[in-house]
Amino acid sequence: MHDNEGQFALPGDGRSAQLAIERAQALLRAGEFKAARTQAKDALEAFGPYPGLYAVLGRAHAGEDDDDHDEQAERSFRMGLVTFPDDLDLLAAYAEFGLAGDALDEPGRVSRGRAAAARIEELAPGSPQARELHRAGEPGTKWPEPATVQRYDARSALAGGVDVRTAAEHAERAAAAWPYDRRLAVRAETLAGLARPSALPARIMVRTPYTFALGAALFGAVIALGAPALHLPAPLAYSAVLVVLPALQQQYLLRRARVRARARLPIDYREPAPGAPDVPSATRRERWIGAVAALVAFGSVAGSAGWYAARAAEYPRYEASVPESYRGVPLSDGAEARAFTAKIDALPLPHGASAFSGAYLDVDNGKGVFLFAATGDLHSEDPDDLLSHMSSGFTALGEPTDSWSADPGDFGGRMECQVYESGLTALSLCVWIDKGSLGMVASGGKDGAREVMPRITRELRELTLRPISRGAV
């Protein structure tokens, strides 16, 4: 059996070593982790190995709650156990450190913690260290998760509308009266964290967890489903995830409170305070509220994502009919019109698109307007690629001498216009693109192109295309 008083019978300059351990532990309790590590390292160099110094060193690293410090804590505990393999306090500190890890992210650490707990059970099954580990659920008896106990104790302390600062003061006095009781230490640190003004969301969540979860789920559902219903941008719907911030804040506060509580506990183990209440299971009503909240959250996220996906895959459908005349100029099928049509037909089109074209030639005035367009499902096409393809048939004229974006009109989408010049020849054109159609209108000349060409393109587009509902397809 381990004798807790045996740690005072130290070899060599034992009194000085014990004073160094006590100073290091006092710094650890005060949250001065760096100073505690410095004190423990200096004492190890001055007095040699002592289990209490290794325990303080390991706990002071673990208190930083950082991956690099966790590795140093692991190394410190294991170095101490090489020299003192059966020291119950050091084994218990190592077991606590290991069992505090995440079983998914750090399975090795958790496994080593369980091995240390099992070793304590083997060496001294009735010791305070073994009983404390039983209370934490390792090994043997089933015990709720530490965070579950923590939330229950905090909620019980705040029951009946008790002021959080008053509850924190009472919890701190109870923890000071029983300094060896981990649960009281955790409760005191938790309420101290919740008493901060910035912790209001987490505090409300601790007081009424199920009601808060349902309210947050309903509020998130309004945002997630309201955004697509009102045709608002998808990022606004994504902002519904902000309702989980209070839960993240609560998780952070609880974890930090457990870290601070571990640091303030004495190195040696004694009996905890008697009469700790059991943590009751959730009531049937609470389980129903939790299930409804989870269902609402899942349904709203899935519904919003599906709604936006369906909208993104949707495209406007048109009936296309080339007008017989435009501004009094009849549709032409002469050689010039056929040459233009042949040139345009060579342009690449998206799969499944249906093309059509027309030419309106005013021979007497030497003017002409050429139309080429296509309809189909273009929702997954890259508009920039389509624009590039539509303009590729005019590369023989060189680079455009003028380019600009224009108003696409009531049908929406994009409209890009260009002017090409080659010697005495000039060509102006505008291209429109939306998710259900693309088209080009070209005309000779460049005078007034910035005003005239977009207007002509909008007019021909609206004369040629007639939107139809999906149900009429």
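1. The backbone oxygen of Gly445 sits 2.6 Å from a polar atom in the side chain of Ser428. That is a polar contact, defined as a pair of N or O atoms within 3.5 Å; within protein, one must be able to donate a hydrogen and the other to accept it, and residues adjacent in sequence count only if both atoms are side-chain atoms. The model is predicted: local features need pLDDT of at least 70, side-chain atom pairs count only at pLDDT 80 or more, and totals for chains, interfaces and linings use all residues. Numbering starts from 1 along each chain as its sequence is written, and side-chain values use heavy atoms, with hydrogens and water left out.

2. Where is Ser428 found? Ser428 belongs to strand β8, residues 425-433. Helices (H or I, at least four residues) and strands (E, at least two) are DSSP runs, numbered from the N terminus. Ser428 counts as buried because its relative accessibility is 1%. Buried means under 20% relative accessible area, exposed over 50%, and partly exposed in between, with a 1.4 Å probe and protein chains only.

3. Ser428 also has contacts beyond its neighbours within four places in sequence. Among them are Gln418, Val419, Val441, Ala442, Lys446 and Met453. Contact here means heavy atoms within 4.5 Å.

4. Now the charged pairs. The structure holds 20 salt bridges. Each is a side-chain nitrogen of Lys or Arg within 4 Å of a carboxyl oxygen of Asp or Glu. Side chains of opposite charge can pair when their charged atoms come close.

5. One of these salt bridges joins Glu74 and Arg112, with the closest N and O atoms 2.7 Å apart. Glu74 lies in helix α4 (residues 67-83) and Arg112 in helix α6 (residues 107-123), so the pair ties together parts 38 residues apart in sequence. Glu74 is buried at 11% relative accessible area. Arg112 is partly exposed at 31%.

6. Asp153 and Arg183 meet through their side chains in a salt bridge of 2.7 Å, N to O. This pair links distant parts of the chain: Asp153 is in helix α8 (residues 146-157) and Arg183 in helix α10 (residues 182-194), 30 residues apart. Asp153 is buried at 11% relative accessibility. Arg183 is buried too, at 10%.

7. Helix α10 also supplies Glu189. Its side chain forms a salt bridge with that of Arg264, 3.0 Å from N to O. Arg264 is in helix α14 (residues 245-264), 75 residues away from Glu189. Both residues are buried. Shared partners join Glu172, Glu189, Arg260 and Arg264 into one network of salt bridges.

8. Back to α6. This helix has 17 residues and reaches 24 Å from its first C-alpha to its last, close to the expected 24 Å at 1.5 Å a residue. The expected span is 1.5 Å times one less than the number of residues. Which residues of α6 are buried? They are Arg109, Val110, Gly113, Ala116, Ala117 and Ile120. Seen down the axis, they fall within an arc of 120°, so they line one face of α6. The arc is that of the directions from the helix axis to the C-beta atoms.

9. Last, the strands. Two strands pair if DSSP finds at least two bridges between them. Strand β3 (residues 329-332) pairs with β4 (residues 354-362) in the antiparallel sense over two bridges. Leu331 has Tyr360 in β4 as its bridge partner. Strand β4 also runs antiparallel to β5 (residues 367-375), joined by nine bridges. Ser354 stands opposite Thr375 in β5.
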